[in-house]
Amino acid sequence: MENLIEIPWQDLQADTLASLVEEFVTRDGTDYGEQEVLVQKKVDQVVEGIKRKHYLIVFDQESESVHIITKQQWQEYQNQSFD
């Protein structure tokens, strides 16, 4: 991932943030079966992590895609960018 831009979660509407996180948590094709509550619970956990700055939302200009990464991954990316 190169050319990343952080997207502040506060700049997103609540439904947009929830949809983005839901797509992220289901991206790996995880099938929770009939227990849809588990997906919503995971979405809630990730949204809370974003609000607490454990995760960040970033836009990759090269692939034109959005990702959710850990704060540590973001710091490592920034350190590589300045080397």
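Among contacts in the protein (heavy atoms within 4.5 Å) between residues at least 6 apart in sequence, 52% join residues at least 24 apart. The model is a predicted one, in which local features need pLDDT of at least 70 and side-chain atom pairs count only at pLDDT 80 or more, while totals for chains, interfaces and linings use all residues. Residues are numbered from 1 along each chain as its sequence is written, and side-chain values use heavy atoms, with hydrogens and water left out.

Three helices and three strands are present, and along the sequence they follow the pattern β-α-α-β-β-α; helices (H or I, at least four residues) and strands (E, at least two) are DSSP runs numbered from the N terminus. The accessible surface, from the Shrake-Rupley method with a 1.4 Å probe and with only the protein chains shown counted as cover for residues, comes to about 6100 Å², of which 46% belongs to carbon and sulfur atoms. Of the 83 residues, 24% are buried, where buried means under 20% relative accessible area, exposed means over 50%, and partly exposed lies in between (1.4 Å probe, protein chains only).

In soluble globular proteins, nonpolar side chains tend to be buried together.

A search of the whole structure finds two salt bridges, each being a side-chain nitrogen of Lys or Arg within 4 Å of a carboxyl oxygen of Asp or Glu.

| Salt bridge | Closest N to O |
|---|---|
| Arg-27 and Glu-23 | 2.7 Å |

Asp-60, in strand S2 (residues 55–60), is buried yet has no salt bridge, and the nearest side chain of opposite charge, Arg-27, is 9.7 Å away; here Lys and Arg count as positive and Asp and Glu as negative, while His and the chain ends are not counted. The side chain of Asp-60 does, however, reach the backbone nitrogen of Glu-62 at 2.9 Å.

In strand S3 (residues 65–70) lies His-67, which is buried, with a relative accessible area of 18%. The side chains of His-67 and Ser-65 are joined by a polar contact of 2.9 Å, that is, a pair of N or O atoms within 3.5 Å, of which, within protein, one must be able to donate a hydrogen and the other to accept it, with residues adjacent in sequence counting only if both atoms are side-chain atoms.

Lys-51, in helix H2, counts as partly exposed at 40% relative accessibility. Lys-51 and Pro-8 are 43 residues apart in sequence and, C-alpha to C-alpha, 9.5 Å apart in space.
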